[in-house]
Amino acid sequence: MDNTNKEKSAVLINGDALSHDEIKSPFLIGVAGGTASGKSTVCKKIMEQLGQAEMDHTQRQVVSISQDSFYRELTPAEKIKAQKGKFNFDHPDAFNEELMYETLQLILKGHKVKIPSYDYRTNSLDFDNKLVIYPADVVLFEGILVFYFPKIRDLFHMKLFVDTDSDTRLARRVPRDINERGRDLDAVLTQYMTFVKPAFEEFCSPTKKFADVIIPRGADNTVAIDLIVQHIRDFLNNRSYPGSTSNMALYMNMELCGNSGDGAMGADAAGGNDIASDNGNGTYNAIRRFSTLCKELTMKGNVFFETNKNLPHH
Ligand SMILES: Nc1ncnc2c1ncn2[C@@H]1O[C@H](COP(=O)(O)OP(=O)(O)O)[C@@H](O)[C@H]1O
Ligand SMILES: Nc1ccn([C@@H]2O[C@H](COP(=O)(O)O)[C@@H](O)[C@H]2O)c(=O)n1
């Protein structure tokens, strides 16, 4: 799709409607996990391996968005607390759930949206540096609590949980917050013990059960990342075929069910034949190979699959 067409298919968040001749609903992937588990690094690696990172934003088929853009604005009193490390940024109330939901819905409808970036040094949204999210085929949405809100959780076609042990996460968070987020050691440790750790246990960790795929060790797990990248690549190729189903949900469900041990081996199931007849034997065989690979990797502990309860079963 060239730039002109991308623009044509967009609707601005300010309501300026453009023509809808190429609107496609993206496949939405949620990426959750504790602080410093490697969520953004995993997304970055996925983007890089798919050759998307160096591409112009208007041309990307895969885009990545952070939940940080949906922190709510603080009152003056909360700002003072935040400066002293006494504001709980790990509680669900710190986020603007409605805006997050509405924005994801617009994205799912194929609209172009503008979201603020987040400035950790001032604990505030940066409206001067808005990020323009152009319509894409696959959208990654990462953050500590992306699976916490049921309404938002239900929007995802696929849910990944980056599972890195808490010592490693703390060891990574401390230097990151000091070097990149303008914090001092005392404040980082106090905030971690007072808010981050308890909130992880109360709000983030329990959402692991909603994940379809758990990635142990985060970005170190190149096997899991390769697997997800290959999967997205297959989806993008599949989607570009004229007359293809364009439905990664069906495609994914078939494969993941194949790993759930429930006997619903996708390639042999009715849904598998539907896809095979849509896309030809190449895709069909790729799905079979992928399904077998997933089983082997699960056994080796590189990835853990959950049956995807969010997808239609066949
Ligand atoms: N596998 C890894 N090995 C070493 N450092 C890592 C690894 N993954 C992430 N990091 C570093 O840890 C910090 C947190 O990673 P990040 O991807 O931002 O986590 P999250 O998005 O979950 O908060 C960053 O400074 C990042 O460079
Ligand atoms: N002003 C803020 C906002 C958030 N945080 C912390 O960021 C963490 C979430 O981002 P990750 O990249 O680590 O997932 C979260 O644990 C908040 O404590 C902050 O320190 N200041």
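A residue is counted as near a molecule or strand if its C-beta atom, placed from the backbone, lies within 6 Å of it. In this predicted model, local features need pLDDT of at least 70 and side-chain atom pairs count only at pLDDT 80 or more, while totals for chains, interfaces and linings use all residues. Residues are numbered from 1 along each chain as its sequence is written, and chains are lettered from A and ligands numbered from 1 in the order in which they are written.

**View 1. The residues around ligand 2.** The shell around ligand 2 is made up of Thr35, Ala36, Lys39, Tyr71, Ala82, Phe89, Asp90, Tyr120, Asn123, Ile144 and Val196. Seven of these residues are nonpolar, two are polar and two are charged, where Ala, Val, Leu, Ile, Met, Phe, Trp, Tyr, Cys and Pro count as nonpolar, Asp, Glu, Lys and Arg as charged, and the others, Gly among them, as polar.

**View 2. The residues around ligand 1.** Ligand 1 is surrounded by 13 residues, of which the closest are Gly38, Lys39, Ser40, Thr41 and Arg172. Two or more residues of this shell come from each of helix H2 (39–49) and helix H6 (166–179), with helices (H or I, at least four residues) and strands (E, at least two) taken as DSSP runs numbered from the N terminus.

**View 3. The buried face of helix H2.** Lys39, Val42, Cys43, Ile46 and Met47 of H2 are buried, a word used when 20 or more other C-beta atoms lie within 10 Å of a residue's own, with C-beta atoms placed from the backbone. Seen down the axis of H2, these buried residues fall within an arc of 135°, so they line one face of the helix; the arc is that of the directions from the helix axis to the C-beta atoms. After H2 comes glycine 51, whose phi is positive, near 70°.

**View 4. Leucine 160 in the largest nonpolar core.** This core, a set of buried Ala, Val, Leu, Ile, Met, Phe, Trp, Tyr and Cys residues joined through C-beta atoms within 7 Å, has 54 residues, and those with the most contacts inside it are Ile29, Val31, Val139 and Leu160. Helix H7 (residues 185–204) gives the most to the core, with six residues. Leaving aside neighbours within four places in sequence, leucine 160 is in contact (C-beta atoms, placed from the backbone, within 7 Å) with Ile29, Gly30, Val31, Ala211, Val213 and Ile215.

Note on methods
Buried ≥ 20, exposed ≤ 12 C-beta atoms within 10 Å, placed from the backbone. Contact = placed C-beta atoms within 7 Å.
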